[in-house]
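Here is a short briefing to read with the model open beside you. Take a moment to find your way around the fold, and then follow the points below.

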Amino acid sequence: MSSFKDVLALYDWDETLKSIHQKTEKDVLRALSHSKRDLEDFKALISPSAQPYLEQMAQESHARTRKRFGNTMQMYAPMYLSNVCHNVCTYCGFSFTNQIPRRTLTDAEILKEAEFIRNKGYEHILLVTGEANRTVGVDYLYNAIQLLRPYFANISIEVQPLKQEEYEHLKEAGLYATLVYQETYHKETYRQHHPKGKKSNFDFRLETPDRLGRAGLHKIGIGALLGLEDWRADSFFTALHLKYLQKAYWRTKYSISFPRLRPFSGGLEPKVAMTNADLVQLICAYRLLDEDIELSISTRESAKLRDHLVHLGITSMSAESKTNPGGYAVEPQSLEQFEISDERTTEDVYKMLVNNKIEPVWKDWEKAW
């Protein structure tokens, strides 16, 4: 059975990065002149040659976003269920080698967190765990989804990669969407940052969206951890992955996220720094490539930058996020997976959006429509 692994094998990382940097002003103008863009256009739009055209890209990105999504912003909240993890990852506070207190929420604690989040207005929740099959395996997730169904219209997960039949089982419980980030599409760099644990299996993680597609999930979210490798190359391969998935599993909806490497307990400096202007360029390039794709930004980014991004292509955002198990109501002071930057309350983010004439949508609009 074919998968994206076969597609990725046709590309060379270094040659791809070289081709991006070789894009000229002429290539950028050609890409901007197209009403529909292909992956070569995308290369031009994320290249250094496109930087002088960022304002033009931003204006078109804004117009395309408003045309497709209107003046709306989908709101979601992450709920961290457990920080138990058996992987060794160089960039994560939950890494197995980090000497931190481990916690997995009980049923009562899950419901206490749910009540707090639901009272804030959220109807779309993202369940997050470390990767520990025995502690937070399929049975635990199935139970958590069933517990939360009365509280939320849409339940998504960001957990360890699972088998197709396991995703089908969770879909029966009420699972709506799954986010799975490859972290980096550079195999050697991936191995360097994931030396031990099941996550060290690059190919199994790479083929997770294929298993999700075959399981018939309503929505799949993909992305790279920007900073582990060159952001331009990783973003091209994310776009390549997206186009493959859209063709192979055309009934499924897709989202792209833009997590930049953030400080955590242990620390890791980005290999390739990504400026705010770079991030704006990338978001606009994705919108110019695909008018329908959901583009999501988390509280990793600063309040000032997020306020700017709501006009430039972003259609989904979190607010008041806690990246530790029980962080909302059960145990607010426990260790976070990574530091957030936008620490505003849900009410403050709501007011910001309304002041910018953007209507917050509290559940996933795709299912509502």
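In this predicted model, the buried residues of helix H5 are Met57, Ala58, Ser61, Arg64, Thr65, Arg66 and Phe69. As you look at their spacing, recall that an α-helix has 3.6 residues a turn, so residues three or four places apart point the same way.

**Helix H5 itself**
- H5 covers residues 54-69 and has 16 residues.
- From its first C-alpha to its last, H5 reaches 22 Å, close to the 22 Å expected at 1.5 Å a residue.

**How H5 meets H13**
- The axis of H5 comes within 9 Å of the axis of H13 (residues 276-289), and the two cross at roughly 50°.
- Because of that angle, H5 counts as oblique to H13.
- The crossing of these two helices, H5 and H13, is left-handed.
- On the H5 side, the contact is made by Leu54, Met57, Ala58, Glu60, Ser61, Arg64, Thr65 and Phe69.
- H13 contributes Ala277, Val280, Gln281, Cys284, Ala285, Arg287 and Leu288 to the contact.

**A look at Thr129**
- Thr129 lies in strand E2, which spans residues 124-129.
- With a relative accessible area of 8%, Thr129 is buried, because the cut-off for buried is under 20%.
- Leaving aside residues up to four places away in sequence, Thr129 touches Leu81, Ser82, Val136, Leu141, Glu158, Val159 and Gln160.

Definitions and conventions: Residues are numbered from 1 along each chain as its sequence is written. This is a predicted model: local features need pLDDT of at least 70, side-chain atom pairs count only at pLDDT 80 or more; totals for chains, interfaces and linings use all residues. Side-chain values use heavy atoms; hydrogens and water are left out. Axes are lines fitted to C-alpha atoms, for helices over the stretch in contact, and angles run from 0 to 180 degrees between N-to-C directions. Helices (H or I, at least four residues) and strands (E, at least two) are DSSP runs, numbered from the N terminus. Angles under 35 degrees count as roughly parallel, over 145 as roughly antiparallel, 65 to 115 as roughly perpendicular and the rest as oblique. A crossing is left-handed if the near helix is turned anticlockwise from the far one by less than a right angle, and right-handed if clockwise. Contact means heavy atoms within 4.5 Å. Buried means under 20% relative accessible area, exposed over 50%, partly exposed in between (1.4 Å probe, protein chains only). The expected span of a helix is 1.5 Å times one less than its number of residues.
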